[in-house]
Amino acid sequence: RDLHEALQGRAPLEPELEALRQDFLVGRTPAAWRAEAGFAGGGRINLFSWARSLRLSVAFVKAWNDRGADPPCYTLGLLWNPRAMLMAILQRSARQQGVSMADFAFQHQVRPQLIDATDVKEPPMEGAYVFGLFLQGASWHGQRAH
């Protein structure tokens, strides 16, 4: 609202508002928004990509809430804090098995038949399915699963 009023000449254009205006003109996500985004897509610089990621994240969390149960698969890139979600999954599994979380660790198993998060119809009996892990500085051969 302040930006709108400043652009109409009804309020002074503060330096923060000028920076916001410049970011919008070139289609860049304002730095303050990227810093405060709080979700995995927060690092995106392109305004369109940032807004799309935010919309997808909100839709994912809303569907999760509307369902009233955990999703069959967690898309990590759509979560505000993927690390906390993984720790919560680990803690839940440790509690279910009556084991101290300190004695518990993640076990990963790649499921090549699951191409997308929507391919997962039911959650696993233990743990969780996650989608959206990326390798940096390495490669993965899907058919050989290594």
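Predicted model: local features only at pLDDT ≥ 70, side-chain atom pairs only at ≥ 80, totals over all residues.
Colleague: What volume does the largest pocket have, and which element gives the largest share of its lining?
Modeller: The largest pocket has a volume of about 1300 Å³, and its lining is made by 34 residues, of which His108, Gln109, Val110, Ala128 and Val130 lie nearest the centre. Two or more residues of that lining come from helix H5 (82–97) and from strand S2 (129–131). For the pocket volume the value is about 1300 Å³, and the largest share of the lining, five residues, is given by H5.

Colleague: Which classes of residue make up the lining of the largest pocket, and how many are nonpolar?
Modeller: Sorted by class, the lining of the largest pocket holds three charged residues and eight polar ones. The count for the nonpolar class is 23.

Colleague: How far apart are the end C-alpha atoms of H5, and what span should its 16 residues have?
Modeller: At 1.5 Å a residue, the 16 residues of H5 should span 22 Å. This agrees with the distance between its end C-alpha atoms, which is 23 Å.

Colleague: Is serine 93 buried or exposed?
Modeller: Serine 93 is found in helix H5, and leaving aside its neighbours within four places in sequence, it is in contact with Phe104 and Gly127. A residue counts as buried when its relative accessible area is under 20%. Because serine 93 has a relative accessibility of 8%, it counts as buried.

Colleague: Which other residues of H5 are buried, and what covers them?
Modeller: Besides Ser93, the buried residues of H5 are Met85, Ile89, Leu90 and Ala94. What covers the buried residues of this helix includes helix H4 (47–67) and strand S1 (73–75).

Colleague: Which residue just after H5 takes a positive phi?
Modeller: Looking just past the end of H5, we find a phi of about 65°, which is positive. The residue that takes this angle is glycine 98.

Colleague: How are tryptophan 64 and tyrosine 74 arranged as an aromatic pair, and which parts does the pair tie together?
Modeller: The structure holds two aromatic pairs, and in the one formed by tryptophan 64 and tyrosine 74 the distance is 5.4 Å centre to centre, with 70° between the planes, so that it counts as edge-to-face, for which the angle must be over 60 degrees. Tyrosine 74 counts as buried, at 1% relative accessibility, and ring pairs link Phe60, Trp64 and Tyr74 into a cluster.

Methods
Residues numbered from 1 in each chain as written. Heavy atoms only, no water. 1 Å grid on protein atoms, 1.4 Å probe; cavity = no way out; pocket = protein on both sides within 12 Å on 5 of 7 lines; lining within 4 Å. Points joined across faces, edges and corners; volume = space filled by probe spheres on them. Helix = DSSP H or I, 4+ residues; strand = E, 2+ residues; numbered from the N terminus. Nonpolar A, V, L, I, M, F, W, Y, C, P; charged D, E, K, R; others polar. Expected span 1.5 Å × (residues − 1). Buried < 20%, exposed > 50% of the residue type's maximum accessible area, 1.4 Å probe, protein only. Contact = heavy atoms within 4.5 Å. Phe/Tyr/Trp six-rings, centres within 6.5 Å; stacked < 30°, edge-to-face > 60°.
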